[in-house]
Number of protein chains: 2
Amino acid sequence: MAGLPDIQLILRPGIVEMGWGHPDPALLPVDDMARAADFALRRDGPAALAYGAEQGPGRLIEPLAAWLARREGSELPPEQLFITGGVSQGLDLLCTLLTRPSDAVLVEAPSYHLAQRIFHDHGLCQIPVHADEGGLRPDALAAALAELRREGRAARFLYTVPTFGNPTGATLSLERRQVILSLANEAGLTIVEDDVYRHLWYDAPPPPSLFSLAPAGRVIRLGSFSKLLAPGLRLGWLTAAPELVRRCAGSGLLDSGGGVSHFAAHVVAAYLELGLLDDHVERLQAAYRRRRAALLAALARHLPPGCRWIAPGGGFFLWLQLPAGCDSAALLSAAERAGVSYVPGGRFFPGGGGERYLRLAFSLLSAEELAEGARRFGDVLR
Amino acid sequence: MAGLPDIQLILRPGIVEMGWGHPDPALLPVDDMARAADFALRRDGPAALAYGAEQGPGRLIEPLAAWLARREGSELPPEQLFITGGVSQGLDLLCTLLTRPSDAVLVEAPSYHLAQRIFHDHGLCQIPVHADEGGLRPDALAAALAELRREGRAARFLYTVPTFGNPTGATLSLERRQVILSLANEAGLTIVEDDVYRHLWYDAPPPPSLFSLAPAGRVIRLGSFSKLLAPGLRLGWLTAAPELVRRCAGSGLLDSGGGVSHFAAHVVAAYLELGLLDDHVERLQAAYRRRRAALLAALARHLPPGCRWIAPGGGFFLWLQLPAGCDSAALLSAAERAGVSYVPGGRFFPGGGGERYLRLAFSLLSAEELAEGARRFGDVLR
């Protein structure tokens, strides 16, 4: 038997892999994490290895709440913060606690395809709500809510990535945020805000989160250290009304196992206490800003007329529209033969559509590789 | 606001806490874990921090499969091993993938109360199957299966802790294992075997697991580093047919987040590679053996006639039957006033019952504390 893979990423020789929304391994803070692990175990001793407090360890919650409040410019009482095993685990837990199979959920279309796989595993009925270059469309949300009302149904929640979205890179304006929140308030709709890219802005900080703009209880926001530090930690957080935080912490999963990712949480608490996070985020911003610039320049140079894209203000992704008549899924094998890969747009639409689009990630590859990938893709399109 | 708790364990001054099935903090291998974390990050670099392979990192799967095969004396091909975030996370994932709300599951009664909370969160209908001093009763299983057949229903699985069980400490004999497997084979019933105490035996190794005795696909077995190393790692494993391993690895949760507890898995892979696990397990066996002896001696000395118990051959727990007419839940507040605590037996029965029983844990406390707890409880009973 060949050796089993150690990590999720599979790089194929000769292919510029623009499909993976993974951080560049060279940007993972290996040495500082070793320092933080050592610090955590020496300082906290057995507390770093015992069953953790269900809400997450106080060691992490308190400094993380302070860090988020400072970076986001809005207060965050620790009782609104719950430590997760990353966005995926947080979504999975929310599905278990808030939904039952065949329940309806509204899903931004396009949005993160693997969140949709989690909803699928929970048997949920996913209703697409369309987005455009400005993010989720309020008129589409209003129409979806009206349709549900006519049918006498309610959606358990709306899932959206409103800031440097996956896959589009789009960000909701403050005005749209307010309209969407009014619609949600009227309809009694819970919003699940996937906010993992907020701190990776490259031009200017984004508008406030839906969570921070909304009345208590309306929005559950998911954040993560996967993009900010290291995905292998399986560590993230959720901000929500204290009642929802208590419900998560009081679930069977947490009662039985204690806090998720407790050891990793202690290591990151030490990383925060050593004052390493701000510098690291700045380093990431600088690196990804350069890569974005390289990708944008190469697309402008190499793609044929009829292709359209908008510079993303942050995050990992650029959303590319192909000329009329092109199908990104059908093109993929030709692109891979030419040495470049991406994720076809159709994967991000729960209800179908998106054939003319594709997602390019600029997080994993160097500026040179991105430029070469764009050049190869331009050749394929011609 | 007072500081938030860091760990799950809450010790109340003046009370001998025999309720918690937690390891003694003094037995957590803090220094060796620091050494392993350092080794893992220096040796594996970014691979320890990236999105992990969905089945678990090859770095851990291969040495863990070899360790389990050696300690258990039966082959374990790596394709039958899946890395979990502990038994709780494994159970939660199995519920998501294999069940839908209102599905029936058979649950050993008594068995681990917090597993039952996870089943409850998934909306499952829990049907108790009674156990006695020899573990799950084959006649009770046959009767439950016959009843389901009459109703035209099927159970999604049977949940059991057949080896040094929680809460009873009982272990199924080889003969009962074989009868139970025949019944399961006939009925097409999947068994979920919670096998977390197997390696903590104090007199002689237990009979082989149901998993290793069964034909492929009949048993899904859950193991964990929570009892063997440190619960805060949130790291465990599942052994099952390769098809089920692939189904877990291919779920939305794993596709989205990569392998669970990937960083902790790398740290434990290093711990294994440094050759530290065998010695640590022996240290635990010696410590818990001493505590068990202290508890048994103190119970024999201090409890009034009419109390019954059997020396557990391994694990964390002793199951105590009170004299006729006693109710362990009703007694608890008097016991706590007298400075000793436990978990009332009723908590472990999904369908009610168990009032005359209670669970004592001998994992957390020193021999002296256990003896003092038994003395205090004897006073309460008199």
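R43(A), D44(A), R59(A) and E273(A) are connected through a network of salt bridges, a salt bridge being a side-chain nitrogen of Lys or Arg within 4 Å of a carboxyl oxygen of Asp or Glu. The model is predicted, so that local features need pLDDT of at least 70 and side-chain atom pairs count only at pLDDT 80 or more, whereas totals for chains, interfaces and linings use all residues. Residues are numbered from 1 along each chain as its sequence is written, chains are lettered from A and ligands numbered from 1 in the order in which they are written, and side-chain values use heavy atoms, with hydrogens and water left out.

Over all chains, a search of the whole structure finds 47 salt bridges. One of these pairs involves R137(A) and D139(A), whose side chains meet at 3.1 Å, N to O. R137(A) is partly exposed at 29% relative accessibility, and D139(A) is likewise partly exposed at 46%; here buried means under 20% relative accessible area, exposed over 50%, and partly exposed in between (1.4 Å probe, protein chains only).

In helix 13 (residues 367-381) of chain A, R375(A) and E372(A) lie three residues apart, about one turn of the helix. Helices (H or I, at least four residues) and strands (E, at least two) are DSSP runs, numbered from the N terminus. The closest N and O atoms of the R375(A)–E372(A) salt bridge are 2.8 Å apart. E372(A) also forms a salt bridge with R376(A), with the closest N and O atoms 2.8 Å apart; these two residues are four places apart in helix 13 of chain A and thus separated by about one helical turn. An α-helix has 3.6 residues a turn, so residues three or four places apart point the same way. R375(A) is partly exposed at 32% relative accessibility, and E372(A) is partly exposed at 25%.

Chain A is divided into domain 1 (16-28 + 278-381) and domain 2 (31-273), with bounds that come from an automatic or database domain assignment. The centres of the two domains, taken over C-alpha atoms, are separated by 25 Å. At their interface, 28 residues of domain 1 of chain A are in contact with 34 residues of domain 2 of chain A, contact meaning heavy atoms within 4.5 Å. The two domains bury about 2,700 Å² between them, 58% of it on carbon and sulfur atoms; buried area is the accessible area (1.4 Å probe) that two parts lose on being put together, summed over both.

Four salt bridges are counted between domain 1 and domain 2 of chain A. Across the same interface, 15 residue pairs are in polar contact, both residues being at pLDDT 80 or more. A polar contact is a pair of N or O atoms within 3.5 Å; within protein, one must be able to donate a hydrogen and the other to accept it, and residues adjacent in sequence count only if both atoms are side-chain atoms. On the domain 1 side, the elements that give two or more residues are helix 11 (277-302) and strand 10 (317-321) of chain A. Helix 11 of chain A gives the most to this side, with eight residues.

In chain B, the buried residues of helix 8 (residues 242-249) are L244(B), V245(B), C248(B) and A249(B). Seen down the helix axis, these residues fall within an arc of 140°, so they line one face of helix 8 of chain B; the arc is that of the directions from the helix axis to the C-beta atoms. The face turned away from the buried side carries the exposed residues E243(B) and R246(B). The cover over the buried residues includes strand 2 (81-84), helix 3 (87-98), strand 8 (219-224), strand 9 (236-239) and helix 9 (252-257) of chain B.

The loop between strand 8 and strand 9 of chain B contains G232(B), which is buried at 1% relative accessible area. Residues of chain A touched by G232(B) include L49(A), A50(A), Y51(A), H262(A) and F263(A).

Most residues other than glycine have a negative phi, and most peptide bonds are trans. A cis peptide bond joins A109(A) and P110(A), with omega about 5°, and another joins A109(B) and P110(B), with omega about 5°. R234(A), although not a glycine, has a positive phi of about 50° and is buried at 6% relative accessibility. S261(A), also not a glycine, has a positive phi of about 50°; this residue lies in the loop between helix 9 (252-257) and helix 10 (262-273) of chain A and is buried at 7% relative accessibility.
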